[in-house]
Amino acid sequence: MKFLALIFSLMSLAAFAQTRERNIYDLQYLPEKRVIFGTSDVSYSKYVFRRSQQNTKTETSIFSQSFGYSFTDDFSLTISANYLTSTSRSDFDLGTISADTKLNFKGVSDPVIEGKYRLQDNYFRVDLVSGLLVKSGDAELKGDEFNNKIGGHIFNFGLDVGQKFELVQWYLEVLYLHVFETTQVTENETTTDNAFNVYSSTFAVLGFIGEHTLLKGSVRAGVSDPLGGGARSTVQNLTVGPELQHLFTENFLMRMGIAYETRQITSRDGVNEGWLYTLGATYQF
């Protein structure tokens with residue numbers, strides 16, 4: 001019994017022995033200098049929005065691609081974009097009037113440039129993160145199809161704090177996002193939405209469940225805060241789910257995940273909820 005207790009004690013010490021190693025599966029991934037890295041992801045989601053007089057179903061497929069470069073051991077830049085196809089079908093029942101509508105979303109997104117700077121890598125890993133979604137066009141509706149543009153710039157700034165042990169790691173990210181004034185163009189008119197802020201936080205834990213297999217669990221929550229006293233409702237969202245990862249080599253990681261997401265606009269406006277499925281790869285050269 002004493003021998004077994006010693007074995008379990010040693011295993012526990014190994015699992016929680018802190019390390020500064022940099023690996024492709026790190027939650028706070030930042031490779032050493034002069035490394036090119038990237039991610040490729042395919043996702044499918046299905047959401048349902050329900051309220052007393054409306055029922056909307058949305059199915060979305062997205063291919064996302066990013067490439068980055070670590071200029072130093074403590075600083076990297078990444079550029080990313082995606083291609084989206086989405087269909088929303090709505091049923092309205094207003095008593096004496098009922099109607100069905102369909103909207104399609106398709107196209108290449110605005111590009112996003114993100115930077116990461118490591119402030120320290122001692123007992124805690126602390127990273128400063130920032131990014132900018134660059135407006136590459138207005139959000140346009142032609143016929144029944146929208147493009148995949150926001151219609152404005154989005155700036156984000158935040159902090160990542162975490163710890164990495166031999167077999168387990170965790171991190172907490174807090175982000176502030178500012179969505180600048182956005183423009184939407186239809187065949188009949190051009191409208192502008194006011195700027196607003198978004199506050200987002202993510203907590204994740206990652207651990208080995210096999211020699212080359214890892215399991216990640218994460219929770220993300222966000223709240224938007226309108227500026228200028230406009231009519232925009234506060235949006236709250238919560239995303240939670242696991243992700244299975246397999247390390248084929250030290251330079252190639254496959255990921256597969258599922259997540260449940262709910263978007264509470266307001267209790268009177270209804271709830272938007274659904275499932276998100278992802279398959280992706282992370283690689284470095």
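Y277 counts as partly exposed, since its relative accessibility is 38%; on this scale buried means under 20% relative accessible area, exposed over 50%, and partly exposed in between (1.4 Å probe, protein chains only). The residue is found in strand β17, which covers residues 270-284. Strands (E, at least two residues) and helices (H or I, at least four) are DSSP runs, numbered from the N terminus. Leaving aside neighbours within four places in sequence, Y277 is in contact with V42, S43, Y44, G257 and I258, where contact means heavy atoms within 4.5 Å. As for M256, its C-alpha atom is separated from that of Y277 by 7.8 Å, with the two residues 21 apart along the chain.

A quick word on where these values come from: the model is predicted, so local features need pLDDT of at least 70 and side-chain atom pairs count only at pLDDT 80 or more, while totals for chains, interfaces and linings use all residues. Residues are numbered from 1 along each chain as its sequence is written, and side-chain values use heavy atoms, with hydrogens and water left out.

Now for the overall picture. The protein has one helix and 17 strands, and of its 285 residues, 39% count as buried. Among contacts with a separation of 6 or more, 58% come from residues 24 or more positions apart.

Strands β5 (residues 112-121) and β6 (residues 125-133) run antiparallel and are joined by nine bridges; strands pair if DSSP finds at least two bridges between them. With three residues between them, β5 and β6 form a hairpin. Within this pairing, E114 has G131 in β6 as its bridge partner.

Next come the nonpolar cores, meaning sets of buried Ala, Val, Leu, Ile, Met, Phe, Trp, Tyr and Cys residues joined through side-chain atoms within 4.5 Å. The largest has 11 residues, including I24, Y25, Y29, F37, L206 and L214. Not counting residues up to four places away in sequence, L214 touches Y25, L206, G207, F208, I209, E243, L244 and Q245. Apart from this core lies another, of nine residues, among them V112, L177, V179 and V198.

Aromatic rings turn up in pairs too: the structure holds 13 of them. Rings of Phe, Tyr and Trp (its six-membered ring) pair if their centres lie within 6.5 Å; planes under 30 degrees apart count as stacked, over 60 as edge-to-face and the rest as tilted. Y29 and F37 make an edge-to-face pair, because their ring centres are 5.4 Å apart and their planes stand at 90°. Both Y29 and F37 are buried. Y69 and F71 are also edge-to-face, with centres 5.0 Å apart and planes at 85°. Here Y69 is partly exposed at 28% relative accessibility, and F71 is partly exposed at 44%. Elsewhere, ring pairs link Y123, F124, W170 and F203 into a cluster.

K164, in strand β9 (residues 154-164), is buried, as its relative accessible area is 4%. The side chain of K164 reaches the backbone oxygen of E21 at 2.8 Å, and a polar contact of 2.4 Å joins it to the side chain of N23. A polar contact is a pair of N or O atoms within 3.5 Å; within protein, one must be able to donate a hydrogen and the other to accept it, and residues adjacent in sequence count only if both atoms are side-chain atoms. E261 lies in strand β16 (residues 252-266) and is buried, with a relative accessible area of 7%. The side chain of E261 makes polar contacts with the side chains of Y47, at 2.7 Å, and T239, at 2.9 Å.

Finally, there is R34, in the loop between α1 (2-15) and β1 (35-51). Most residues other than glycine have a negative phi. R34 is not a glycine, yet its phi is positive, at about 65°. With 58% relative accessibility, R34 counts as exposed.
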